Amino acid sequence: MTGRRAVLSVDLDEWYHCRWATGSPRARWKDTAAFFRDHYGGDAPRGELREPTRRILDLFDRLRVRATFFILGEVATFYPDLVREIEARGHEVGCHGFHHVDIDLLGPEGFRRELTEARRVLASLISRPPIGYRAPNLLVRDWMIPVLRDLGFRYDASVCTARGLLGKDFGHEHRASAPYRFRDRFSRPDPAGDMVEIPLPTFPVLRLPAATGIMTRVAGRAWTLVALRHALRSGDAQYYFHPYELGPRPAIPLSIRERLFLRRLGLDPATSSAPFVATLVDVTGLVIYFSVAALLLSGKLL
């Protein structure tokens, strides 16, 4: 594992951005505006994202970790102070789109429009426009790559080569687990550009999602660590999670599937930490975490 690096990232969105809640054809609410009206009785969140995000920033300070925060344009409009603080504390700000919706609901023109607006909002809050992108719900289509390149993005961190799970088809036939360039490996290569992909590791053999806070909570810490260590044998790898995973379970009726998705949400009363925090500590004992931009711009990623 010598010389391998784990890239750590955080998706700055909320539990109500999950596919079962908003942003997909089968979602409980049509969109976040409908959710805000129903849940908050208004047109904006109440600020719940600040406390868990700052808890994560404090943890990263203690671990001397620098990470990439992929931030929704919608979230940035509600929390501009948090976006500025993330950069001020030494972390990279990447783009997570504007609304957290399945890419197929937007189509090419809608994607370009929302991505342009999200990048504009983020660029107005930080020192330079973001160069990294992660797709909501990790759904990537070939036509996205030229759009990302045209708008000035240098890398994507969305590809998960897992089997379909719970009705979600990730749509990737290749088996990449280490970073690569789209001009070299993709169903429709991008020969004119140098866009880089940072794929998410899957569990060995089974090809199920693994290197995410969601799977750490649902399947356990050992599941994630096995997948990360396996991926790090062949190249750099990444792990990501969400601030809401440190928060309480939402006080709404939940189906069995939704309860599974939100399993082990929040802090363990005995340790005052979230289940995946121990995973971060374990893996930082093996490798050093970097932000994607730091590696890409230094030429050390590929």
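Helices and strands are taken here as DSSP runs, numbered from the N terminus. In these terms, Val205 is placed in the loop between S7 and H7. The structure described is a predicted model, and its secondary structure comprises eleven helices and nine strands. The chain has 302 residues, of which 58% count as buried. Among contacts between residues at least 6 apart in sequence, 71% join residues at least 24 apart.

Confidence was considered before local features. The mean pLDDT of the chain is 82, and 78% of the residues score at least 70. Among the elements of the chain, the highest mean pLDDT, 98, belongs to H4, and the lowest, 50, to strand S9 (residues 289–290). Where pLDDT is low, predicted coordinates should not be read in detail.

Two residues other than glycine were examined for their backbone geometry. Most residues other than glycine have a negative phi. Val205, by contrast, has a positive phi, near 70°. The relative accessible area of Val205 is 76%, over the 50% cut-off, and Val205 is therefore classed as exposed. Arg64, likewise not a glycine, has a positive phi of about 60°. Arg64 is located in the loop between H2 and strand S2 (68–71). With a relative accessible area of 76%, Arg64 is also exposed.

The loop that holds Val205 also contains Thr212, as this segment runs between strand S7 (196–197) and helix H7 (213–219). Thr212 is buried, because its relative accessible area of 9% falls under the 20% cut-off. When neighbours within four places in sequence are set aside, the contacts of Thr212 are with Thr224, Tyr239 and Tyr240.

Two prolines in helices were examined next. Pro80 belongs to helix H4, which spans residues 80–88, and H4 is the element with the highest mean pLDDT. The relative accessibility of Pro80 is 26%, so that Pro80 counts as partly exposed. In sequence, Pro80 and Ser124 are 44 residues apart, while their C-alpha atoms are 9.5 Å apart in space. Pro146 belongs to helix H6 (residues 144–150). At 33% relative accessibility, Pro146 also counts as partly exposed. Between Pro146 and Met195, which are 49 residues apart along the chain, the C-alpha separation is 9.0 Å.

The cysteines were considered with regard to disulfide bonding. A disulfide is a covalent bond between the sulfur atoms of two cysteines. With a cut-off of 2.5 Å between cysteine sulfur atoms, the count of disulfides is zero. Cys18 is buried, with a relative accessible area of 6%. Cys160 is buried as well, at a relative accessible area of 3%.

The structure holds one cavity of 30 Å³ or more, and the largest cavity has a volume of about 60 Å³. Its lining is formed by Gly97, Phe98, His99, Val101, Ile103, Leu106, Phe111, Glu114, Leu115, Tyr133 and Pro136. Helix H5 (residues 103–123) supplies five residues, the largest share of this lining. Sorted by class, the lining of the largest cavity consists of eight nonpolar residues, two polar residues and one charged residue.

The volume of the second largest pocket is about 230 Å³. Its lining comprises 14 residues, and those nearest its centre are Glu14, Trp15, Glu48, Gly247 and Pro248. At least two lining residues of the second largest pocket come from each of helix H1 (32–40) and helix H2 (50–63). By class, eight residues of this lining are nonpolar, two are polar and four are charged.

Definitions and conventions: Residues are numbered from 1 along each chain as its sequence is written. This is a predicted model: local features need pLDDT of at least 70, side-chain atom pairs count only at pLDDT 80 or more; totals for chains, interfaces and linings use all residues. Side-chain values use heavy atoms; hydrogens and water are left out. Helices (H or I, at least four residues) and strands (E, at least two) are DSSP runs, numbered from the N terminus. Buried means under 20% relative accessible area, exposed over 50%, partly exposed in between (1.4 Å probe, protein chains only). On a 1 Å grid over the protein atoms alone, a cavity is a set of points where a 1.4 Å probe fits but cannot get out, and a pocket is an open set with protein on both sides within 12 Å along at least five of seven lines; lining residues have an atom within 4 Å of a point. Grid points are joined across faces, edges and corners, and a volume is the space filled by probe spheres set on the points. Ala, Val, Leu, Ile, Met, Phe, Trp, Tyr, Cys and Pro count as nonpolar, Asp, Glu, Lys and Arg as charged, and the others, Gly among them, as polar. pLDDT is the predictor's confidence in each residue, from 0 to 100. Contact means heavy atoms within 4.5 Å.
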